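Me: I have a structure here that is new to me. Could you walk me through it step by step?

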Amino acid sequence: MTSTSRTITLTLGSGDVDLNFTVDERGEGHPFLLLHGGGGPQTVAGFAGVLADQRPARVIAPVHPGFGGTVRPEWLTDVPTLAQIYVRLLDELALSDVTVVGNSIGGWIAAEIALLGSDRISSVVLVNAAGIQVPGHPVADPFTLTPAELSALSFHDVERFRIDPSTFSDEQRAAAIANRAALQVYSGPHAMADPTLRERLTKVTHPVLVAWGESDQVVDTDYGLAYADAIPGARFELLLRTGHMPQIETPEQLLTAVWDFADAHAANRPND
């Protein structure tokens with residue numbers, strides 16, 4: 001994938017925000033808006049490359065303001081406002097037939113984007129998304145867990161993908177601290193969830209795929225099933241031998257699920 005980094009200034013009613021994003025420059029292809037989780041933009045960077053290299057796809061991967069060394073304006077404090085920003089980004093880039101894919105808090109943002117009903121979007125994929133409340137199945141609280149403990153909950157093959165903060169460079173350590181601070185702001189007072197979201201999801205009209213790693217202990221499978229049940233017509237797909245971040249652990253499995261769903265609901269199907 002040939003990609004470039006860009007910065008665009010977007011204006012909402014609350015003010016301006018400088019949004020950093022990468023986009024592949026291969027030209028033609030189905031557009032994807034790829035939204036990262038609390039671990040930061042690097043958690044989807046590899047999958048963005050896989051998607052653009054192996055399918056006719058144009059992948060736009062923004063950095064949530066406050067993550068990855070970017071600046072978060074003081075007025076930008078919640079997920080619904082992030083969703084509005086990303087729909088504005090699609091407007092600015094004049095994109096249509098977009099598939100939105102989000103992991104973890106990125107999935108929560110994608111769910112809020114779906115609720116905005118933009119006609120620039122043809123489908124939405126929620127990958128081990130946070131954001132709803134499911135009695136008896138809470139989201140693991142990343143702010144009470146050490147990085148090692150969170151890593152152990154996040155992967156099927158824990159030993160292979162275990163995160164060891166002692167190996168971080170000073171730059172990586174600073175980025176992780178900043179990412180955590182931004183995540184805490186966006187996650188709000190209800191432990192990575194919005195008490196109103198589950199009920200509001202009944203208003204979603206876009207086609208939605210809920211893709212879930214079967215071994216996720218951050219948000220378990222019953223939580224994922226509840227997400228799918230809340231969205232009219234949503235499809236649920238279980239990803240085998242996979243935890244909270246399929247895009248890292250089993251990217252080929254996620255690629256097939258994402259592409260097949262996007263292709264099936266595209267207004268201009270690449271294979272036509």
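Reply: Let me start with a term: accessible areas come from the Shrake-Rupley method with a 1.4 Å probe, and for residues only the protein chains shown count as cover. On that basis the protein exposes about 11600 Å², and carbon and sulfur atoms supply 50% of this area. Please keep in mind that this is a predicted model, in which local features need pLDDT of at least 70 and side-chain atom pairs count only at pLDDT 80 or more, while totals for chains, interfaces and linings use all residues. Residues are numbered from 1 along each chain as its sequence is written, and side-chain values use heavy atoms, with hydrogens and water left out.

Me: How many helices and strands are there in the protein?
Reply: The protein has ten helices and eight strands, where helices (H or I, at least four residues) and strands (E, at least two) are DSSP runs numbered from the N terminus.

Me: And what radius of gyration does the protein have?
Reply: The value is 17 Å, which agrees with the radius near 19 Å that a compact globule of 272 residues would have; the radius is taken over C-alpha atoms, and the globule rule is 2.2 Å times the number of residues to the power 0.38. Along the principal axes, the C-alpha atoms fill a box of roughly 45 × 35 × 35 Å.

Me: What percentage of the residues count as buried?
Reply: Of the 272 residues, 51% count as buried, meaning under 20% relative accessible area, with exposed being over 50% and partly exposed in between (1.4 Å probe, protein chains only).

Me: Which residues are buried in helix 10?
Reply: Among them are Leu254, Leu255, Val258, Trp259 and Phe261. Helix 10 (residues 251-265) has 15 residues that should span 21 Å at 1.5 Å a residue, and its end C-alpha atoms are 21 Å apart, which agrees; the expected span is 1.5 Å times one less than the number of residues.

Me: Switching topic, where does Ala140 lie?
Reply: Ala140 lies in the loop between strand 6 (121-127) and helix 4 (147-154), and Ala140 is buried, with a relative accessible area of 15%.

Me: What does Ala140 touch?
Reply: Not counting residues up to four places away in sequence, Ala140 touches Leu145, Leu153, Gln217 and Val218, where contact means heavy atoms within 4.5 Å.

Me: Where is Gln217 found, then?
Reply: Gln217 is in the loop between strand 7 (208-213) and helix 8 (221-230), and with residues up to four places away in sequence left out, Gln217 touches Ala140, Ala152 and Leu153.
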